[in-house]
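Here's a quick tour of one protein chain, taken a few spots at a time. Have the sequence and the model open side by side as you read.

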Amino acid sequence: MSNTFLRSTIEDLSVELWCEIFEFFDASELYHTFDNINSKITSILSEITPLYFNIITIRDYNFTSNVIVPKVINRTNIKSIKFDREFQIEEFFTRWPFNTFNQLHCLSLFYLGEMGCDFSYMLLEQLSHLTSFDSLHIRVGYIYDHDRSLKRLFQLLFIENDAFPTLKQLVFKCNKDWFPYLQIPTTTMKRTKLELLTLPYLNLTNFLQMLPCIPYIRSIKVNGLYSNLDRTIPIPILSSNFILQHCVYLDLSFDYHTTFDDVKLLLQIFPKLNRMKLLCDYILSNGDQWETLLTEYCCHLRNFQINFHLQYHFFDRPTSIEIENSFSTIFWLNRNVEIKHDHNHNQQLLSSIVRFKKYE
């Protein structure tokens with residue numbers, strides 16, 4: 001009988017198995033951990049492995065720009081870049097021309113203030129022509145009316161037919177919660193591929209005008225929706241049976257001008273919702289009205305949360321007992337509704353949360 005033993009080492013793993021292992025690391029972790037172990041692994045890293053950069057600290061930036069990128073032979077494998085500091089963006093793409101990342105899937109940008117520099121404008125133009133790009137995340141410090149880069153972003157996305165042909169996620173956030181709100185241009189009826197959309201604040205009329213441009217949307221979040229609905233402005237969905245049949249998640253914050261008629265109009269558009277989170281003034285704290293709306297328009301709803309708080313101090317705020325009585329019908333009890341309140345030192349309501357999760 002042969003006493004020959006088969007001996008293997010980690011270096012003997014197949015290329016496919018190494019690639020599967022590398023999927024659990026971002027680019028910085030990969031190169032800190034595996035670079036220069038041997039020529040085989042170095043070759044896999046530089047030529048085959050998809051790379052995802054998460055650039056948070058100055059050390060991350062220096063290691064990415066000075067060590068990793070120069071070693072990457074096949075830069076089409078760079079799939080995602082996330083910046084957490086503003087200065088890094090222009091500096092990085094000046095050193096490493098953007099056209100070398102033509103298979104980029106995801107980009108996250110951070111700005112201390114507005115987007116308005118010339119470099120951001122040019123970067124958006126280049127991004128809009130990538131054929132595999134599907135996720136754009138932008139955080140700004142504040143929004144100004146004259147920010148030409150921001151205006152160009154929404155022109156490319158919602159007007160120009162050949163721009164952002166594969167974009168599925170747009171997350172646009174602002175650190176400051178103040179006006180002016182965004183203005184989405186909708187002069188044409190371009191159909192985007194967006195499935196997830198997050199925006200800071202819009203007026204309701206502009207929000208409604210935008211909806212026909214996102215027929216495949218599955219998730220919408222707007223941190224401030226200001227109701228000045230002008231029914232004299234042509235809005236296609238107001239004169240048709242328009243619905244967004246793919247949308248299953250809605251997260252909206254209403255101002256104190258919002259009425260139940262406005263809410264009804266919105267809910268008619270989203271018949272397939274299974275999760276909804278809302279923030280609004282106590283003026284909308286009528287449980288009977290919500291029961292009627294949810295019964296008629298939200299038959300698929302499984303997860304519901306509405307946060308009431310006092311936005312306009314000339315309105316009378318209800319008591320916690322009045323809120324609880326309003327949401328105490330069989331409809332709410334069957335859904336095991338939970339109600340929580342926050343009071344000030346005079347025991348006046350500051351906020352209330354009404355929510356349920358329905359299990360079947």
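## Ser320 in α11

Ser320 is buried in this predicted model: its relative accessible area is 18%, and the cut-off for buried is under 20%. You'll find Ser320 in helix α11, which covers residues 320-326.

What does Ser320 touch once its neighbours within four places in sequence are set aside? Its contacts are then His341, His343 and Leu349.

## Ser285, another buried serine

Ser285 sits in the loop that links β9 (275-281) with α10 (287-297). Its relative accessibility is 12%, so Ser285 counts as buried too. The side chain of this serine reaches the backbone oxygen of Tyr282, at 2.6 Å.

Skip the residues up to four places away in sequence, and Ser285 still touches Phe308, Pro318, Ile323, Ser326 and Phe327. Two of those names, Ile323 and Ser326, fall within the 320-326 range of α11.

## Ile184 in the β5–β6 loop

Now for the loop between β5 (169-174) and β6 (196-203), where Ile184 is found. Is Ile184 buried or exposed? With a relative accessible area of 1%, Ile184 is buried.

Around Ile184, leaving out residues up to four places away in sequence, the contacts are Phe154, Phe158, Leu199, Leu202, Asn206 and Met210. Take Leu202 from that set: Ile184 and Leu202 are 18 residues apart along the chain, and their C-alpha atoms are separated by 8.2 Å.

## Helix α2 and its surroundings

Let's move on to α2, residues 27-34. At its start, a side-chain oxygen of Asp26 comes to within 3.2 Å of the backbone nitrogen of Ser28. After the helix comes Asn36, which has a positive phi, near 70°.

Which residues of α2 are buried? They are Ala27, Ser28, Leu30, Tyr31 and Phe34. The partners that these buried residues pack against are α1 (15-22), α3, β1 (51-55) and α4 (58-71). As background, an α-helix has 3.6 residues a turn, so residues three or four places apart point the same way.

## How α2 meets α3

Helix α3 spans residues 39-47, and α2 packs with it at an angle of about 165°, the two axes lying 11 Å apart. Angles over 145 degrees count as roughly antiparallel, and α2 and α3 are therefore roughly antiparallel to each other. The crossing of α2 past α3 is left-handed.

On the α2 side, Leu30, Tyr31 and Phe34 make the contact, while α3 supplies Ile41, Leu45 and Ser46. Sorted by class, that gives five nonpolar residues, one polar and no charged ones.

## Stepping back to the whole chain

Zoom out, and the protein chain has twelve helices and twelve strands. Its C-alpha trace spans about 80 × 65 × 45 Å along the principal axes.

How much of the protein chain counts as buried? The figure is 47% of its 360 residues. As for contacts with a separation of 6 or more, 72% of them in the protein chain are between residues 24 or more positions apart.

Terms used:
Residues numbered from 1 in each chain as written. Heavy atoms only, no water. Axes fitted to C-alpha atoms, helices over the stretch in contact; angles between N-to-C directions. Helix = DSSP H or I, 4+ residues; strand = E, 2+ residues; numbered from the N terminus. Parallel < 35°, antiparallel > 145°, perpendicular 65-115°, else oblique. Left-handed = near helix turned anticlockwise from the far one by under 90°. Contact = heavy atoms within 4.5 Å. Nonpolar A, V, L, I, M, F, W, Y, C, P; charged D, E, K, R; others polar. Buried < 20%, exposed > 50% of the residue type's maximum accessible area, 1.4 Å probe, protein only. Polar contact = N/O pair within 3.5 Å; in protein donor to acceptor, adjacent residues only side chain to side chain.
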